[in-house]
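Keep the sequence and the 3D view at hand as you go.

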Amino acid sequence: MTMLPTLRSLTTNRELALQLLTPEEALPAGALDAPIAWVHSSDLADPTPFLSPGQVLLTTGTQFGEQDGDELIGAYVERLSAAGINGLGFGTEVVRAGTPDALVEACRLAGLPAFEVPYRTPFIAVARAAADMAAEERFARRTWTLAAHRAIALAALRPDGLSASLHELSLQLDRWVALFDANGGLDRVFPAEAAAAASAAEDEATRLLRRGNRASSSLAAGGETVSLQTLGRRDRLRGVLAIGGSSELDAAGNEVVTAVIALAGLSLEQGHTLDRAQSSLRSAVLAAWRRGDVELAQSVSREMWGELPESPVCIALLDAPAEKLHSVTEYLEARVAERPGALFFAADPSAGEDRIALVLGRRSLPLLDAVAANFAVHIGVSEPRGASELAGGLTQAEQALARAQDGGPGVSAFSELAQEGVLAYLSTTDAREIGRATLQPLRAHDEAAGSELLHTLRVWLEQNGQFDASAGLLGVHRHTVRARVGLAERLLGRDLSTFRGRAEIWAALLVAGDEPSA
């Protein structure tokens with residue numbers, strides 16, 4: 001889109017009656033469609049000091065004598081071409097009849113469009129026509145700019161104003177428009193089929209965001225020029241707007257884009273503030289629910305997001321790394337909107353900034369597998385319980401989450417953990433180091449003396465403290481077993497004749513990795 005006339009538009013103007021002398025096929029591609037900045041007239045032998053690139057020069061040829069040869073004319077044309085002139089017009093019947101053949105040939109060789117201006121067409125008429133065309137085009141572009149601003153402003157009033165505005169910008173510019181989030185990930189693109197082209201700009205968007213300053217850049221990708229501009233305030237960047245197209249935008253297009261950048265930045269800032277407010281409200285509802293005030297939690301949820309899930313419910317906890325927290329939250333928001341009353345979720349500040357609590361019915365449990373698979377996170381889920389028993393469910397979910405974190409991403413159910421027993425749970429906690437420290441005196445003695453106190457004690461506990469059975473398995477006398485157990489008691493500082501003493505050493509053997517075989 002250009003706001004300037006071209007040589008094609010001038011030479012096709014019937015009132016001017018200009019005649020193109022250099023065939024279009026002999027000229028560089030697009031030579032007749034290059035925008036004309038100004039129409040200048042001069043009969044100087046070297047007018048280039050007074051010319052600028054993009055202008056058209058008109059001359060009557062008084063600078064050429066009758067005896068001037070092809071070499072002099074060729075040098076003249078070369079100077080014009082080097083100065084970036086877009087065309088040369090020759091006024092006939094003023095000094096000489098017709099345009100000199102040498103001038104036409106020199107222009108053809110230089111790839112410079114040449115046209116003839118008839119005597120009845122004054123140079124001022126050509127300049128005025130170019131000025132009028134530019135004025136008309138500028139008026140049309142200004143009208144388009146105002147209409148585009150209005151369309152985008154109306155789009156901003158829709159429920160999802162940001163998406164509607166970006167979609168409208170894409171329609172107005174006839175280019176794809178993409179928004180990258182604060183982490184550099186592709187958030188949305190219009191039209192949707194341009195997602196592949198927009199993805200090529202993801203690395204550049206991430207680079208701009210990491211700099212932390214308001215900035216813009218452009219890159220060539222897939223035969224297009226992609227322009228990128230950060231959104232938000234310095235040190236508080238909220239994303240990047242990217243626009244792709246086959247050519248640069250003109251002043252009118254850039255004006256509209258600048259307005260959308262301001263609008264998008266404001267929308268993202270407001271959206272961020274609103275998201276934080278909603279997140280804080282969700283956390284407050286969770287805290288009230290945890291305290292047992294189900295009625296308060298229900299009334300707030302009903303007004304904001306819909307009914308809370310009905311009993312029985314399962315409570316889940318998931319750890320979402322900072323770089324995935326926004327994506328996980330958006331995914332859960334979408335699920336709440338799809339099925340009101342099936343899910344409630346909130347950040348759980350008491351367990352850490354990146355931990356999210358979910359309350360959902362049994363029918364919604366497959367959602368947990370989808371979240372774990374889509375975002376590669378760990379999730380722990382409680383047994384089904386009444387909606388008023390949230391605190392106990394959170395405890396179960398936390399214990400299941402601790403077990404889930406020992407393996408790869410996925411869902412760990414408390415019911416599975418309960419079947420393994422209390423001692424199996426201890427092996428997933430920091431009790432492992434305590435167990436190793438408890439047994440260290442026996443390890444140290446065995447290493448120094450070459451004894452088998454630790455092995456003997458393990459077998460003796462497996463045999464429920466029976467000396468004869470243990471001696472048979474160890475292949476030693478029962479008095480030897482008794483002596484070793486007595487020495488172990490002294491080294492450990494434990495009374496192994498009591499249930500508590502034996503239970504503590506049994507647990508230590510388990511969590512330290514010396515789990516009994518029976």
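**Exercise 1.** How many salt bridges does the structure hold?

*Solution.* Start with the rule: a salt bridge is a side-chain nitrogen of Lys or Arg within 4 Å of a carboxyl oxygen of Asp or Glu. By this rule the structure holds 19 salt bridges. Side chains of opposite charge can pair when their charged atoms come close. Please keep in mind that this is a predicted model, where local features need pLDDT of at least 70 and side-chain atom pairs count only at pLDDT 80 or more, while totals for chains, interfaces and linings use all residues. Residues are numbered from 1 along each chain as its sequence is written, and side-chain values use heavy atoms, with hydrogens and water left out.

**Exercise 2.** Find the salt bridge between D33 and R8, and work out which parts it ties together.

*Solution.* Step one is the distance: the closest N and O atoms of D33 and R8 are 2.7 Å apart. Step two is the location: D33 lies in the loop between β1 (19-20) and β2 (38-41), and R8 in helix α1 (residues 7-11), so the pair ties together parts that are 25 residues apart in sequence. Helices (H or I, at least four residues) and strands (E, at least two) are DSSP runs, numbered from the N terminus.

**Exercise 3.** Are E204 and R207 buried or exposed, or in between?

*Solution.* First, the cut-offs: buried means under 20% relative accessible area, exposed over 50%, and partly exposed in between (1.4 Å probe, protein chains only). E204 has 16% relative accessibility, so E204 counts as buried. R207, with a relative accessible area of 39%, is partly exposed. Next, look at the contact: E204 and R207 form a salt bridge, with their closest N and O atoms 2.6 Å apart. Both sit in helix α7 (residues 202-211), and because they are three residues apart there, about one helical turn separates them.

**Exercise 4.** Which helices does the salt bridge of R142 and E255 tie together?

*Solution.* The side chains of R142 and E255 meet at 3.1 Å, N to O. R142 lies in helix α4 (residues 123-156) and E255 in helix α8 (residues 251-290), so the pair ties together parts that are 113 residues apart in sequence. R142 is partly exposed, at 41% relative accessibility, and E255 is partly exposed too, at 30%.

**Exercise 5.** Describe the largest cavity and its lining.

*Solution.* On a 1 Å grid over the protein atoms alone, a cavity is a set of points where a 1.4 Å probe fits but cannot get out, and a pocket is an open set with protein on both sides within 12 Å along at least five of seven lines; lining residues have an atom within 4 Å of a point. The largest cavity holds about 30 Å³ of space. Its lining includes L21, F90, L103 and F115. At least two lining residues come from each of β4, α3 and β5 (114-117). By type, the lining has eight nonpolar residues, two polar and no charged.

**Exercise 6.** Which residues lie closest to the centre of the second largest pocket?

*Solution.* This pocket has about 260 Å³ of space. Of its 18 lining residues, the closest to the centre are S227, L228, L249, N254 and V257. The lining divides into seven nonpolar, nine polar and two charged residues.

Methods:
Grid points are joined across faces, edges and corners, and a volume is the space filled by probe spheres set on the points. Ala, Val, Leu, Ile, Met, Phe, Trp, Tyr, Cys and Pro count as nonpolar, Asp, Glu, Lys and Arg as charged, and the others, Gly among them, as polar.
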